[in-house]
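Open the model in your viewer and have the selection tool ready.

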Amino acid sequence: MAEMKDFQCTYDNSAGISGEVTEGLKLTFPDAYLHHETMAALSKALKAHDKAAFCELPFCHTVEAEAMGGIVNYGNEVAGPRAKEYICTTPEELLELPEIDLSAGRIHEVLLACKELREEGEHVVLQVSGPFTILNVLIDAKYVFKAMRKKPELMKEVFWKLGNEILKFMEEAKRYGVELISYADSSGGLNILGPKMAEQVVEDFTYEFLKKAEALTDDKTMILLCPKTTFALFGTGKARFRDHKLSGAMAYGEGCIEMIGKVKFAGQMCIKNVGYQLENGVFKEVVLE
Amino acid sequence: MSSKEELLQRLSDGVVEMEEDDVAEAAQEYLDAGYPAFDGIMEGLVDGMNRASQLYEEEEYFVTDVLLCSDAMYAGLDILRPYLPEVSNDDKVTGVIGVVEGDTHDIGKNLVKIMLETAGFNMIDLGRDVPLAKFVETAKEENADFVCLSTLMTTTMGGMETVIHLLEEAGIRDRVKVMIGGGPISQKYADKIGADGYSQNAVEAVKLAKKLLDIA
């Protein structure tokens with residue numbers, strides 16, 4: 001088996017929301033994070049500011065967890081929504097959390113904002129979080145790591161409970177017109193879990209989960225993997241790259257758009273790295289084994 | 001009955017093996033046998049944590065392992081600490097640590113805190129999503145020698161520079177060292193914002209703190 005590598009997040013990535021982006025939009029914060037009209041307006045403004053090929057939504061990694069009962073601090077103009085206090089201390093409590101209602105709350109507003117942007121002709125990247133990122137809002141990570149060691153079967157159940165909610169979210173997103181679904185779980189990266197636990201997560205969850213997610217891809221929808229996930233799959237022998245020739249050199253985001261309908265998974269670069277250029281015009285599809 | 005050495009070994013091994021129940025049990029036996037709490041902490045628990053940190057440095061252990069080791073260490077500390085003779089923190093080098101406002105990822109910060117505490121620093125943990133002014137207020141109130149700032153997010157990195165400016169405004173920048181770390185942080189970024197140092201991991205953070213503060 002190949003050695004698992006890690007992808008280093010860099011600070012050259014998208015710089016978040018700055019005052020110049022929101023200037024003139026007449027938005028108030030944190031209200032702007034809560035309604036689809038303002039979410040869409042903000043997303044478009046960020047796209048223009050970053051000179052990106054697509055709009056991104058949401059602006060945080062808390063919508064899934066909030067929809068399961070997590071408590072969120074909506075933040076302000078500078079720092080977006082994030083976790084407040086934890087609501088669980090055991091995996092058993094996590095398993096008792098309610099299913100996500102995709103027709104209500106902020107998660108529904110996100111879907112509506114995606115639809116609105118699509119109707120305006122924008123390409124939308126919906127950022128979906130993986131289980132560790134969702135858990136980061138619900139429970140102190142030390143309980144997760146302890147349970148992974150002491151109660152691995154129970155944690156597998158937790159991962160799958162969250163995984164099934166994520167799949168439902170992805171499927172619903174397609175109905176709202178989303179073409180590009182990004183999947184990231186950097187809170188469960190190799191640098192945090194170590195190779196043994198990272199491998200356990202791929203074996204117990206990620207690979208099977210992505211097999212199911214693969215079934216959601218079609219001529220209009222593709223999935224963008226965080227490179228940390230790509231490398232975890234490679235390191236466990238679960239995936240490989242397949243090259244595709246693009247029409248020319250272009251930004252990674254533009255390459256993803258060009259490849260919609262032609263590939264199922266992208267994952268060679270962080271989608272937030274909007275300036276990243278595919279100078280040789282080669283797009284690397286991630287193919288699950 | 002076990003000898004003092006045997007119990008110290010059990011405390012140390014329990015920490016390395018992440019067995020908090022064993023550590024708590026050994027700590028209680030150790031106290032019941034009348035041995036001094038201080039030795040139990042230093043030669044048992046801290047010794048175990050130092051071994052764990054060595055394994056971390058050698059990439060045998062990872063973040064999750066060290067966190068679980070520290071849980072075991074704290075389980076023993078909870079039992080032994082009440083039996084320590086009263087000592088003031090005045091002689092200890094004090095650091096303020098926290099995750100900057102806007103970010104809630106605190107695994108790395110917790111690890112750095114644990115390692116610095118194990119190394120004998122008096123650490124004041126402000127937690128996660130900490131208002132930037134709070135670092136400065138606390139550094140002033142506690143007469144801190146250094147401040148450790150952490151973030152995993154690119155969007156909140158700017159807060160670190162703000163803390164440095166606030167320390168300058170408060171007139172205490174020259175006596176408070178600033179250390180930064182976290183996923184997207186680099187030495188380049190530390191240089192850019194005028195931090196005194198960057199460390200890539202918790203073991204390096206201890207070395208850096210000692211270097212910056214001239215501690216052997």
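Leaving aside neighbours within four places in sequence, which residues is V15(B) in contact with? This is a predicted model. Select V15(B) and look around it: V23(B), L45(B), G48(B), M49(B), A52(B), C69(B), A72(B) and M73(B) are in contact with it.

**Stop 1: the helix pair**

Select residues 4-16 of chain B, helix α1, and residues 63-80 of chain B, helix α4. Their axes lie 7 Å apart, and the packing angle is about 145°. Now show side chains. From α1(B), the contact uses L11(B), G14(B), V15(B) and V16(B). From α4(B) come C69(B), A72(B), M73(B) and G76(B). Colour this contact by class: 6 residues are nonpolar, 2 are polar and none is charged.

**Stop 2: the core**

Next, select C114(A), V124(A), I181(A), L224(A), V15(B), C69(B) and V147(B). In the largest nonpolar core, which has 160 residues, these touch the most other members. Domain 1 (4-83) and domain 2 (94-212) of chain B each give this core at least three residues.

**Stop 3: the two domains of chain B**

Colour chain B by its domain assignment: domain 1 covers 4-83 and domain 2 covers 94-212. Taken over C-alpha atoms, their centres are 27 Å apart. Where they touch, 10 residues of domain 1 of chain B are in contact with 7 residues of domain 2 of chain B. Stay on the domain 1 side. Here α3 (37-57) and α4 of chain B each supply at least two residues. The largest share, 6 residues, comes from α3(B). By class, this side of domain 1 of chain B has 6 nonpolar, 3 polar and 1 charged.

**Stop 4: across to chain A**

Show both chains. In all, 21 residues of chain B are in contact with 22 residues of chain A. Which helix gives the largest share of the side of chain B that touches chain A? Select α4(B), which supplies 6 residues.

**Stop 5: a helix crossing between chains**

Zoom in on the crossing. I192(A), L193(A), G194(A) and M197(A) of α9(A) meet V63(B), T64(B) and D65(B) of α4(B). The residues of this contact divide into 4 nonpolar, 2 polar and 1 charged.

Notes: Residues numbered from 1 in each chain as written. Chains lettered and ligands numbered in written order. Predicted model: local features only at pLDDT ≥ 70, side-chain atom pairs only at ≥ 80, totals over all residues. Core = buried A, V, L, I, M, F, W, Y, C linked by C-beta atoms within 7 Å. Buried ≥ 20, exposed ≤ 12 C-beta atoms within 10 Å, placed from the backbone. Domains from an automatic or database assignment. Contact = placed C-beta atoms within 7 Å. Axes fitted to C-alpha atoms, helices over the stretch in contact; angles between N-to-C directions. Helix = DSSP H or I, 4+ residues; strand = E, 2+ residues; numbered from the N terminus. Nonpolar A, V, L, I, M, F, W, Y, C, P; charged D, E, K, R; others polar.
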